[in-house]
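Please look over the sequence and the structure before reading on.

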Amino acid sequence: MLNMKLKNKLFIFAQTIPDFRLNRKKLHPSENIVFITILAVICGAETWEEIEDYGIVKREFLETILDLENGIPSHDTFNRFFSLLKPSFFEEHFVSWIKSISNHYKGVVAIDGKTVRGSKQSGLKSAIHLVSAFSTENEIFLGQIKTEEKSNEITAIPELLKVLDLENAIITIDAMGCQTDIAEVIIEQKADYILAVKENQKNYIKILKVLF
């Protein structure tokens, strides 16, 4: 459960997100939509329907912060609101806010990729993959980037690393991220790294055997 101080900070952040909907169609304040969405996603929601379900189940809790005079927004309302926002804008805005409340990312920052459940729909070339950065000490996700192929994680990881303040942090990545280009970006960010090595990376294995 969020403490009151963090709930208030999240509500203030939600109020800063611009609303591009037509005024005559606004039944729900934009801060309600953003606030509920962030909490729902933190709790594992992956679709607009699941975000709506979270709001319905947690309505009593949400009413301690939000004005829910018109109830919980529908999944179509969540979808419509965020479809009018540029994903890159929201991500940059959210990362900037996370920095402001967590000060500096300390300790281990884990980089990992996962496939979004149910994203492999008819007509799509492949399922959606997300590359995320998680601060284990702050216990928050610092950011994420969407890729259309799992193999694209190699190019997405450096992009994600470059937007984070990682000085003196320890970056962990699985074998997919064991690349010299990624290691160079981590060094440029003044961080350290722990990268997994698989048997098929023969040159790295040879070096490790010599060193250790």
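## A salt bridge between Arg59 and Glu63

Glu63 is partly exposed, with a relative accessible area of 42%; here buried means under 20% relative accessible area, exposed over 50%, and partly exposed in between, for a 1.4 Å probe and protein chains only. The side chain of Glu63 meets that of Arg59 in a salt bridge, at 3.1 Å from N to O. A salt bridge is a side-chain nitrogen of Lys or Arg within 4 Å of a carboxyl oxygen of Asp or Glu. Arg59 also counts as partly exposed, at 32% relative accessibility.

## Basis of the model

The model is predicted: local features need pLDDT of at least 70 and side-chain atom pairs count only at pLDDT 80 or more, while totals for chains, interfaces and linings use all residues. Residues are numbered from 1 along each chain as its sequence is written, and side-chain values use heavy atoms, with hydrogens and water left out.

## Overall architecture

The protein has 9 helices and 5 strands. Both are DSSP runs numbered from the N terminus, helices being H or I with at least four residues and strands E with at least two. Read from the N terminus, the order of elements is α-α-α-α-α-α-β-β-β-α-β-α-β-α.

Of the 212 residues, 39% count as buried. Among contacts with a separation of 6 or more, 52% join residues 24 or more positions apart; contact means heavy atoms within 4.5 Å.

## The network around Asp19

In total the structure holds 3 salt bridges. Besides the bridge of Arg59 with Glu63, salt bridges with shared partners join Asp19, Arg21 and Lys26 into one network. Asp19 pairs with Arg21 at 2.7 Å, N to O, and Lys26 pairs with Asp19 at 3.6 Å, N to O.

Arg21 counts as buried at 8% relative accessibility, whereas Asp19 is partly exposed at 21% and Lys26 is partly exposed at 30%. Ser30, a residue of helix H2, touches Asp19 and Arg21 as well as Ile17 and Phe81, not counting residues up to four places away in sequence. Ser30 is itself buried, with a relative accessible area of 10%.

## Helix H2 and its partners

The axes of helix H2 (residues 30–42) and helix H3 (residues 48–57) come within 9 Å and cross at roughly 100 degrees. Axes are lines fitted to C-alpha atoms, for helices over the stretch in contact, and angles run from 0 to 180 degrees between N-to-C directions. H2 is therefore roughly perpendicular to H3; angles of 65 to 115 degrees count as roughly perpendicular, under 35 as roughly parallel, over 145 as roughly antiparallel, and the rest as oblique. On the H2 side, the contact is made by Ile36, Thr37, Leu39, Ala40 and Val41, and on the H3 side by Ile51, Tyr54 and Gly55. These residues divide into 6 nonpolar, 2 polar and no charged. Ala, Val, Leu, Ile, Met, Phe, Trp, Tyr, Cys and Pro count as nonpolar, Asp, Glu, Lys and Arg as charged, and the others, Gly among them, as polar.

H2 also packs with helix H5 (residues 75–83), at an angle of about 100 degrees and with the axes 11 Å apart. This makes H2 roughly perpendicular to H5. Ser30, Ile33, Val34, Ile36 and Thr37 of H2 meet Thr77, Phe78, Phe81 and Phe82 of H5, a contact with 6 nonpolar, 3 polar and no charged residues.

## Helices H7 and H8

How do the axes of H7 and H8 cross? Those of helix H7 (residues 153–162) and helix H8 (residues 180–188) come within 10 Å and cross at roughly 0 degrees, so the two helices are roughly parallel to each other. Ile154, Ile157, Pro158, Leu161 and Lys162 of H7 make the contact with Ile182, Val185 and Ile186 of H8. By class, the contact has 7 nonpolar residues, no polar and 1 charged.

In soluble globular proteins, nonpolar side chains tend to be buried together. In this model the largest nonpolar core has 51 residues, and those with the most contacts inside it are Phe13, Val34, Leu62, Phe90, Ile111, Leu161 and Ile171. H2 supplies the largest share of this core, 7 residues. A nonpolar core is a set of buried Ala, Val, Leu, Ile, Met, Phe, Trp, Tyr and Cys residues joined through side-chain atoms within 4.5 Å.

Leaving aside residues up to four places away in sequence, Ile111 touches Val131, Ser132, Ala133, Ile157, Leu160, Leu161, Ile171, Thr172, Ile173 and Asp174.
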